[in-house]
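Open the model in your viewer and keep the selection tool at hand. We will go from stop to stop, with a note on what to pick and what you will find there.

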Amino acid sequence: MSFSQSDILKALSTVEDPDLKRDLVTLGMIKDLNVDPRKVSFTVVLTTPACPLKEKIRQDCVDAVEAVIGQGVALDITMSSSVTTLRDNAPLLPGVKNIIAVASGKGGVGKSTVTANLAVSLARAGAKVGLIDADIYGPSVPTMFNCEHEQPAVKQVNGRNIIIPIEQYGVKLISIGFLAPPDSAVVWRGPMASSALKQFFSDADWGDLDYLLIDLPPGTSDIHLTMVQTVPVTGAVIVTTPQKVALADVKKGIGMFKQPQINVPILGIVENMAYFTPEELPDNKYYIFGKDGGKNLAAQYQVPLLGQIPLVQSIRESGDSGLPAALKGGPMAEAFQTLAETLARQIAIRNAGQPTALTEVAG
């Protein structure tokens with residue numbers, strides 16, 4: 001059977017990226033195509049290493065190409081990734097492809113826990129990840145990453161002091177908690193806190209990152225305005241718990257990001273503590289904070305529901321011990337991995353200029 005490079009490309013043009021709704025050839029995702037009578041090889045460059053549809057796309061390529069070359073020709077497909085970005089000409093943080101704000105309307109909803117586990121899950125998938133703990137008054141990232149007593153190094157670059165982020169579990173970290181004693185209260189006025197956040201952006205060596213997550217303080221404040229005025233933000237993730245009191249505050253947070261002077265897209269909502277599951281009864285669900293509050297909120301604002309994370313004792317224990325649940329394997333690690341994959345998909349869809357995909361998550 002004879003075939004050419006154009007025949008292979010024609011076959012691959014029938015394979016569609018399920019999220020972007022366009023074929024792989026048009027999207028420029030087929031690289032290094034080599035064709036000879038005995039072997040066909042090429043690389044598929046996905047939009048994120050955390051792509052949950054990798055095996056489906058690979059099998060679709062196999063089916064399409066084998067229909068042209070038959071079974072007797074060797075087929076070698078390499079699955080690679082290059083995270084997409086809209087920040088190609090960014091003067092600040094030029095090596096950072098996507099900046100993701102993680103916010104909540106109120107405290108106590110587990111925002112920092114979600115952020116920490118999201119960062120670790122993205123890093124475990126192969127992405128280059130950084131995390132800024134922008135909660136100036138209650139920094140918890142040092143505790144959650146078991147580096148409370150560490151201090152970042154500083155280097156001189158053109159006469160300026162540049163902070164070198166601490167790296168833990170494959171994630172680059174900066175927090176005010178590294179710069180102040182753990183038992184000291186940070187008593188700063190708004191402008192001082194905003195100035196500190198600006199330094200985390202401008203005076204730190206972040207290098208090349210696929211995702212930089214920003215763990216914001218609760219509520220709506222100077223910190224939020226400083227962030228969007230300092231760097232273009234790809235989008236925001238909103239964390240809530242299901243009960244009405246939390247949802248009322250979260251609506252204010254969503255409203256803040258939608259204001260014209262801020263105008264940050266909502267990538268989706270995470271419903272944390274969606275239900276309680278005791279370790280000895282893993283199939284039981286008790287909706288102690290109400291049911292589907294975050295899910296209904298996502299439907300109301302027509303934004304994706306990224307995930308529903310249960311209230312499990314081991315998540316709290318992991319945060320206190322400094323070893324995030326995402327590192328420990330089992331159902332909780334799988335839940336955070338799925339959350340990371342879903343977020344990565346939404347970022348890729350956003351960067352491609354496609355309509356947001358509303359995500360259904362089983363409760």
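Select Thr-240 and you will find it opposite Glu-271 in β12. Before going further, note that this is a predicted model, in which local features need pLDDT of at least 70 and side-chain atom pairs count only at pLDDT 80 or more, while totals for chains, interfaces and linings use all residues. Residues are numbered from 1 along each chain as its sequence is written, and side-chain values use heavy atoms, with hydrogens and water left out.

Now colour the strand pair itself: strand β11 (residues 235-240) and β12 pair in the parallel sense over five bridges. Two strands count as paired if DSSP finds at least two bridges between them. The strand and helix names come from DSSP runs numbered from the N terminus: helices are H or I with at least four residues, strands are E with at least two.

Next, select β13 on the other pairing of β12. β12 and β13 pair in the parallel sense, over five bridges, and Ile-269 stands opposite Leu-305 in β13.

Show the whole sheet. Eight strands form an open sheet in the order β8-β9-β5-β10-β4-β11-β12-β13, with mixed pairing. The edges are β8 (166-168) and β13 (305-311), each with a single partner strand, so one side of each has no neighbour in the sheet. On average, neighbouring strands of this sheet are turned by 25 degrees against each other, direction ignored.

How many of the eleven residues of β12 are buried? Ten of them are, so β12 is largely enclosed by the rest of the structure. Buried means under 20% relative accessible area, exposed over 50%, and partly exposed in between (1.4 Å probe, protein chains only).

Select Tyr-275 and Tyr-287. They form an edge-to-face aromatic pair, 5.9 Å centre to centre with 65 degrees between the planes. The structure holds three aromatic pairs. Rings of Phe, Tyr and Trp (its six-membered ring) pair if their centres lie within 6.5 Å; planes under 30 degrees apart count as stacked, over 60 as edge-to-face and the rest as tilted.

Which parts of the chain does the pair of Tyr-275 and Tyr-287 tie together? Tyr-275 lies in strand β12 (residues 266-276) and Tyr-287 in the loop between β12 and α8 (293-301), so the pair links parts that are twelve residues apart in sequence. Tyr-275 is buried, with a relative accessible area of 11%, whereas Tyr-287 is partly exposed, at 31%.

Lys-285 lies over the face of Tyr-275, at 4.7 Å from the ring centre. The charged end of Lys-291 sits over the ring of Tyr-287, 4.9 Å from its centre. A charge sits over a ring if NZ of Lys or CZ of Arg is within 6 Å of the ring centre and within 35 degrees of the ring normal.

Select helix α3 (residues 111-124) and helix α10 (residues 330-351). They pack at an angle of about 80 degrees, with their axes 8 Å apart. That makes α3 roughly perpendicular to α10: angles under 35 degrees count as roughly parallel, over 145 as roughly antiparallel, 65 to 115 as roughly perpendicular and the rest as oblique. Axes are lines fitted to C-alpha atoms, for helices over the stretch in contact, and angles run from 0 to 180 degrees between N-to-C directions.

For the contact, show side chains including Val-114, Leu-118 and Leu-122 of α3, and Phe-336, Leu-339 and Leu-343 of α10. Contact means heavy atoms within 4.5 Å.

A hairpin joins β1 to β2 through two residues. β1 and strand β2 (residues 39-46) pair in the antiparallel sense over five bridges, and Ile-30 stands opposite Val-44 in β2.

## Last stop: Ile-57

Pick Ile-57 in helix α2. Is Ile-57 buried or exposed? Ile-57 is buried, with a relative accessible area of 1%. Leaving aside its neighbours within four places in sequence, its contacts include Val-15, Leu-24, Val-44, Leu-46 and Met-79.
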